Amino acid sequence: MRPDEPAALPAAVLWDMDGTLVDTEPYWIRAEHELVAAHGGSWSHEQALELVGNPLTVSAGILRDAGVGLSVDAIVDHLLHRVREQVADSVPWRPGARELLAALGDAGVPCALVTMSYTVLAEAVTAHVPGAFSTLVTGDQVTHGKPHPEPYLVAAERLGVPVEDCVAIEDSPTGIASALAAGARTLGVEAVVPVPSRPGLSRAASLADVDLTTVRRLVAGEVLDLTPAAAPTR
């Protein structure tokens with residue numbers, strides 16, 4: 001490659017949904033509080049944060065332990081329905097998400113959505129950006145949810161690209177662990193919970209700070225820290 005030649009684009013960009021593409025985590029937290037309260041249980045904001053990024057069946061089991069007298073499947077169905085209702089009222093896009101999606105599409109980079117939400121909710125969100133995603137990998141389509149690498153490996157396989165040539169964008173420690181374990185170049189963008197520094201993980205404060213140059217650098221093997229704390233001081 002000539003010195004003035006730009007680095008290659010990633011083979012694909014693999015997007016988490018909740019907290020990364022859209023800021024639905026407050027919707028999930030509201031639905032959890034409502035459900036636990038309706039069953040006479042107790043639920044704190046701190047407990048809700050511990051569920052961020054979990055497979056829905058895992059979260060449902062924890063809610064049962066908090067006093068929700070429903071089956072795991074019934075809890076999952078209730079949460080999905082309630083969050084979908086809120087999404088129908090307003091899609092809370094994360095800053096910079098649609099702009100980066102559009103830039104990737106214009107550059108011919110395929111995108112996959114990799115989420116532990118179920119297909120019914122993922123389709124409700126992606127309907128607002130038709131054609132942006134080549135495939136959806138959802139929590140009801142995999143055997144092992146995040147933090148297992150399976151969801152990201154499935155996404156790369158469906159797209160027919162090596163996962164190590166992909167950039168994954170995540171917000172939660174659970175999702176970040178999944179993407180790193182799969183071998184994707186991983187960018188953590190803080191939303192509801194902190195994104196601690198860890199080996200091999202790039203970080204950004206917002207997708208508004210991420211562009212095609214950024215993803216080129218990531219897939220070339222750079223580990224970037226675009227958070228304010230990493231900015232040079234005088």
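This is a predicted model: local features need pLDDT of at least 70, side-chain atom pairs count only at pLDDT 80 or more; totals for chains, interfaces and linings use all residues.

Modeller: Residues are numbered from 1 along each chain as its sequence is written, and side-chain values use heavy atoms, with hydrogens and water left out.

Biologist: Which residues of strand β2 point the other way from C111 and L113?

Modeller: Helices (H or I, at least four residues) and strands (E, at least two) are DSSP runs, numbered from the N terminus. In a regular strand the side chains alternate between the two faces of the sheet. In β2 (residues 111–114) every residue is buried, meaning under 20% relative accessible area with a 1.4 Å probe and protein chains only. C111 and L113 point one way, and on the other side are A112 and V114.

Biologist: Which residue in β3 is the bridge partner of A112?

Modeller: Strands count as paired if DSSP finds at least two bridges between them. β2 runs parallel to β3 (residues 135–137), joined by three bridges, and the two strands form a right-handed β-α-β unit with helix α6 (residues 119–126). Within β3, the bridge partner of A112 is T135.

Biologist: Which residues touch the most other members of the largest nonpolar core?

Modeller: A nonpolar core is a set of buried Ala, Val, Leu, Ile, Met, Phe, Trp, Tyr and Cys residues joined through side-chain atoms within 4.5 Å. L21 has contacts (heavy atoms within 4.5 Å) that include W15, L113, V125 and F133, not counting residues up to four places away in sequence. Another core, of 19 residues, lies apart from the largest one and has V114 and M116 among its members. In the largest core, of 52 residues, those touching the most other members are W15, L21 and F133.

Biologist: How are helices α4 and α6 oriented to each other?

Modeller: L80, V83, R84 and V87 in α4 meet V120, L121, A124 and V125 in α6. The axes, lines fitted to C-alpha atoms over the stretch in contact, with angles from 0 to 180 degrees between N-to-C directions, lie 10 Å apart at an angle of about 5°. Angles under 35 degrees count as roughly parallel, and α4 and α6 are therefore roughly parallel.

Biologist: Against which elements do the buried residues of α8 pack?

Modeller: Helix α8 (residues 173–182) has T174, G175, I176, S178, A179 and A182 as its buried residues. They pack against α7 (150–159), β4 (166–170), β5 (185–189) and β6 (201–204).

Methods. Buried means under 20% relative accessible area, exposed over 50%, partly exposed in between (1.4 Å probe, protein chains only). A crossover is right-handed if, with the strands pointing away from the viewer, the path from the first strand over the helix to the second runs clockwise. Angles under 35 degrees count as roughly parallel, over 145 as roughly antiparallel, 65 to 115 as roughly perpendicular and the rest as oblique.
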